[in-house]
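Please look over the chain shown here. The report below covers strands, salt bridges and a surface patch.

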Amino acid sequence: MHLLNLGILAHVDAGKTSLTERLLHTAGVTDEIGSVDRGSTRTDTLALERQRGITIKSAVVSFPLDSVTVNLIDTPGHPDFIAEVERVLGVLDGAVLVVSAVEGVQAQTRVLMRTLRRLRIPTLVFVNKIDRRGARGASVLDEMARRLSVPLVPMGTVAGLGTRAARFVPGLDPSALDVLADHDDDLLAAYVTRGISDGRLRAALADQTRDGLVHPVWFGSAITGAGVAELVAGVERLLPPASGDPDGPLSGTVFKVERGPAGEKIAYARIFSGTLRVRDRVPLGDGRQEGDGRQAGDGRQEGDGREEGRITALTVFDHGGDVRREEAGAGRIARLWGLGGVRIGDALGTPGRSAGHHFAPPTLETVVVPGPGADRRALHLALTQLAEQDPLIGVRHDELRKETSVSLYGEVQKEVIEATLADEYGLDVTFRETTTLCVERPAGSGAAVEFNRKDGNPFLATVGLRVDAAPPGSGVRFGLEVELGSMPYAFFKAVEDTVRETLGQGLHGWQVTDCAVTMTHSGYSPRQSHAHQGFDKSMSSTGYDFRGLTPLVLVEALRRARTVVYEPMHRFRIEAPADTLGALLPVLARLGAVPESTGGHDRVGVLEGAVPAARVHELGQRLPGLTRGEGELETVFDHYAPVTRGPLPERPRTDHNPLDRKEYLLNVTRRVGD
């Protein structure tokens, strides 16, 4: 039987988890349909999820169809937990995007569809809640075509819309031929010359769906079950099964890490190639070390930057649960024990698909304040463990101020962190006011070099670095203009790791991104020893020298390149009575927003543009009063833009401050004045 790893994605409250429960019931895995309201769903297992009625962590559950076993992955819909969705995308064979027939296309719907299209993940669309009052049929289809800008193929129509008796009436819409012919000239030619059989049309639909070119649409209700059987048939017939050679080299990706009852790490991994067996030793990580935060001494091998782990147990998903197995082959999703050093995004075996980042990073930050009697060390450990499970939650510890900050996506995520710390770790905390996270980018090029024991350099190392601006979104690249064999590899590695760490705080304290750092000079003092004595550290370079010198050289290169502070900007869309838009425009201008387009229909105005992320909350608060309570606001992160209004935002430093050479050397080394 084939395997299919299927993701269920949607805007919050579109009915994703309810659809998952209905699918499990339809497949015969459960006798009773779980309820989000009653907190009895199979995939929302966390106490917080049941209390709040929202999905926070992705969950996997399996069910069999006639010819395929489906591993169904339920993902969060709330934008605060987009990091969970991002990690799942890399392991999917196909997806179902759920849209509410009442609310229609929402901000997260557009973000998800754009990403699914970019990654060419075959995607079906299920328009849910056709039984609800206010449900729409054809108008939602038109709205999806207009606002998602994707080719859609309706798989039928709706009868009894907006009533408990609403049902899905299957049948390919006549428009299907026009949509499919846009991607298949032979299909159009066959239609013109001799007509198209229903079989030929459905074969073309299957081919183009699997290629991610078109998106079939079903209407239904997860609550009543309308349209679900037809959707299940579409999943089986139109989505591609998992591929991969079980006899090939091992290649897999870890997309989730959780901790078991005893605190042990449990990794969720998709196996793309080969077969993973209990007691196997497998390489972990991707070997690139692109700023993943691992420090020396975590078990990685010096040669290729990867460590090994030994599988002590594994389970695979089957018939609604996970069962113990001795092996997991290509196409499977497995839970793995024994990988103590594993992190989300690690490759198992041969690095395969790159996880990458498909959504925006967190744009908010807050300081976690321990409550009375709370152990600061225990708090730091707990936050570090939470960051292991969600690597886009950045933990930042300030030794000078004895403070720990976390980066996040929104206020709901902050509430969840607070509740998790209380329930799972027994730690009561509060938070300071949430602030916006900016970034720094080099404005041009700058270079600096310090030579071994010359001109006030107390370190036994020569390091030269050049910083060049790179295109937005390119991240940080590190390269060499010196011979790799000119000094021990460990010293080059120390420089690269320190460069990436130092770029976490630029000239204004913000993370520096979108730059290329090139090592232009290198040198070291070879291992020295006195006669009949051991290694003399005072005459020989160590990794300490390169880790100590690199921040000074890098910040000087950054000074010469100059950096610009960029703030996050959100794309906004406001629907409001057309006669209120005039009052909105001056308010938007005062908030630093830039309206870019207007439109509307039936006396409803639509205003779109960009607004600083720091002003989104204020815009949401002011909108009802400006639009007689009828305005609707959607926002989503869009890009970073240079800060042009008010004083330049600065972020307190948490390092030894290489911007102040004297202070830095006093903190880092005792060799000053040697």
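The sections below take the strands first, then the salt bridges, then the surface patch.

## Basis

This is a predicted model: local features need pLDDT of at least 70, side-chain atom pairs count only at pLDDT 80 or more, and totals for chains, interfaces and linings use all residues. Residues are numbered from 1 along each chain as its sequence is written, and side-chain values use heavy atoms, with hydrogens and water left out.

Helices (H or I, at least four residues) and strands (E, at least two) are DSSP runs, numbered from the N terminus. Strand β33 spans residues 604–612. Seven of its nine residues are buried, so β33 is largely enclosed by the rest of the structure. Buried means under 20% relative accessible area, exposed over 50%, and partly exposed in between (1.4 Å probe, protein chains only).

Strand β31 (residues 563–577) pairs with β33 in the antiparallel sense, over nine bridges. Pairing requires at least two DSSP bridges between two strands. R573 stands opposite E608 in β33.

## Salt bridges

The whole structure holds 31 salt bridges. Each is a side-chain nitrogen of Lys or Arg within 4 Å of a carboxyl oxygen of Asp or Glu.

E596 bridges to R571, with the closest N and O atoms 2.6 Å apart. This pair links distant parts of the chain: E596 sits in strand β32 (residues 594–601), R571 in strand β31, 25 residues apart. E596 is partly exposed at 48% relative accessibility. R571 is partly exposed at 24%. Elsewhere, salt bridges with shared partners join R110, R136, E143, R147 and E634 into one network.

E143 is buried, with a relative accessible area of 9%. R147 is buried too, at 15%.

The side chains of E365 and R651 form a salt bridge at 2.4 Å, N to O. This pair also links distant parts of the chain, 286 residues apart: E365 is in strand β20 (residues 364–370), and R651 is in the loop between β34 (632–642) and α16 (661–668). Both E365 and R651 are buried.

## Surface patch

L188, Y191 and V192 make a nonpolar surface patch of about 310 Å². Patches are made of residues with over 30% relative accessible area and no salt bridge; like charges are joined within 9 Å, nonpolar side chains (Val, Leu, Ile, Met, Phe, Trp, Tyr) within 5 Å. Accessible areas come from the Shrake-Rupley method with a 1.4 Å probe; for residues, only the protein chains shown count as cover.

L188 is found in helix α7 (residues 185–193). At 42% relative accessibility, L188 is partly exposed.
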